[in-house]
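Open the model in a viewer and keep a selection tool at hand. This tour goes from one selection to the next and says what is found at each stop.

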Amino acid sequence: MVEEQPPLVPHPRAPVFFLSYAQSAANDWVPQFFEELSDHVGELMGKPASFVGFMNSEMRTGTDWSEELAFAVGHCQVFVALLSQRYYGSKYCALEWHAFARRMPDVSPAPRSTAMLPVLWSKGRGAVPAKIDRLQRFLPSPPPPDIQRRYGKEGVYGLRIADSSAYDLVVWRLANTIVELADNHHVPPSDATDFEGLPDAFEGDLS
């Protein structure tokens, strides 16, 4: 008889979610989005908003990243990827993605196989990399009529421009999904801080 293992207890300093996004000097809306999302997740979990999420705000160079970033991607329970054309071509986003992906979950409720949550930030013209496309993406559910369609067409960024009430609802639904995934997925931590061996692109790595 196989002895049942106790559930993993997250590190007390571990963020609930890690926000992976393509940095751009022209985009000030991601930090605002992160703050709003953190407020909602903190409210739902009864934790301070400053504790529940991690977003790297420093410009990244090379693979020698901060200890704070390495700890966050190695200990968070949910990996939120803001999909955009910039994201697909960013080597830093690919490194973050693969750093989390190498942590294999011990609990995998259907239909997601990991606690990786791709979120459409902006709709691009190029193809979505196969590694990302095969994962179930976030959909605001249950949605009012038309919100899912508009989110799928415009992304969170587009809703932020065109319809603030729809944007607010999508951010709230996303926070609920993050909390649900954190409650149902227990991802083993990783203390690895070396990113040099990880793929720095999405295409060409289909495993």
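Predicted model: local features only at pLDDT ≥ 70, side-chain atom pairs only at ≥ 80, totals over all residues.

Contact here means heavy atoms within 4.5 Å. Buried means under 20% relative accessible area, exposed over 50%, and partly exposed in between, with a 1.4 Å probe and protein chains only. Helices (H or I, at least four residues) and strands (E, at least two) are DSSP runs, numbered from the N terminus.

Residues are numbered from 1 along each chain as its sequence is written, and side-chain values use heavy atoms, with hydrogens and water left out.

Next, select helix H5 (residues 91–101), where nine of eleven residues are buried. They are Tyr 92, Cys 93, Ala 94, Leu 95, Glu 96, Trp 97, His 98, Ala 99 and Phe 100.

Now show the whole protein chain as a cartoon. It has eight helices and four strands, and their order along the sequence is β-α-α-β-α-β-α-α-β-α-α-α. Of the 207 residues in the protein chain, 46% are buried. Take the contacts between residues at least 6 apart in sequence: 79% of them join residues at least 24 apart.

Centre the view on Tyr 87. Leaving aside residues up to four places away in sequence, Tyr 87 touches Ser 20, Tyr 21, Ala 22, Phe 79, Ala 81, Leu 82, Cys 93, Trp 97, Ile 132 and Phe 202.

Then turn to helix pairs. Two packed helices are described by the angle between their axes and the distance between the axes. Axes are lines fitted to C-alpha atoms, for helices over the stretch in contact, and angles run from 0 to 180 degrees between N-to-C directions. Angles under 35 degrees count as roughly parallel, over 145 as roughly antiparallel, 65 to 115 as roughly perpendicular and the rest as oblique.

Select helix H7 (residues 147–162) and H8: their axes come within 9 Å and cross at roughly 110 degrees. H7 and H8 are therefore roughly perpendicular to each other. On the H7 side are Ile 147, Arg 150, Tyr 151, Val 156, Leu 159, Arg 160 and Ala 162, which meet Ser 164, Ala 166, Tyr 167, Leu 169 and Val 170 in H8.

The axes of H1 and H7 are 12 Å apart, at an angle of about 95 degrees, so H1 is roughly perpendicular to H7. Trp 29, Gln 32 and Phe 33 of H1 make the contact with Val 156, Tyr 157, Arg 160 and Ile 161 of H7.

The last stop is the salt bridges. A salt bridge is a side-chain nitrogen of Lys or Arg within 4 Å of a carboxyl oxygen of Asp or Glu, and by this rule there are four. Which residues does Arg 150 join in one network? Start with Glu 154, whose side chain meets that of Arg 150 at 3.9 Å, N to O. Both lie in helix H7, four residues apart, about one turn of the helix. Arg 150 is buried, with a relative accessible area of 16%. Asp 163 also forms a salt bridge with Arg 150, with the closest N and O atoms 2.9 Å apart. Asp 163 lies in the loop between H7 and H8 and Arg 150 in helix H7, so the pair ties together parts that are 13 residues apart in sequence. Shared partners join Arg 150, Glu 154 and Asp 163 into one network.
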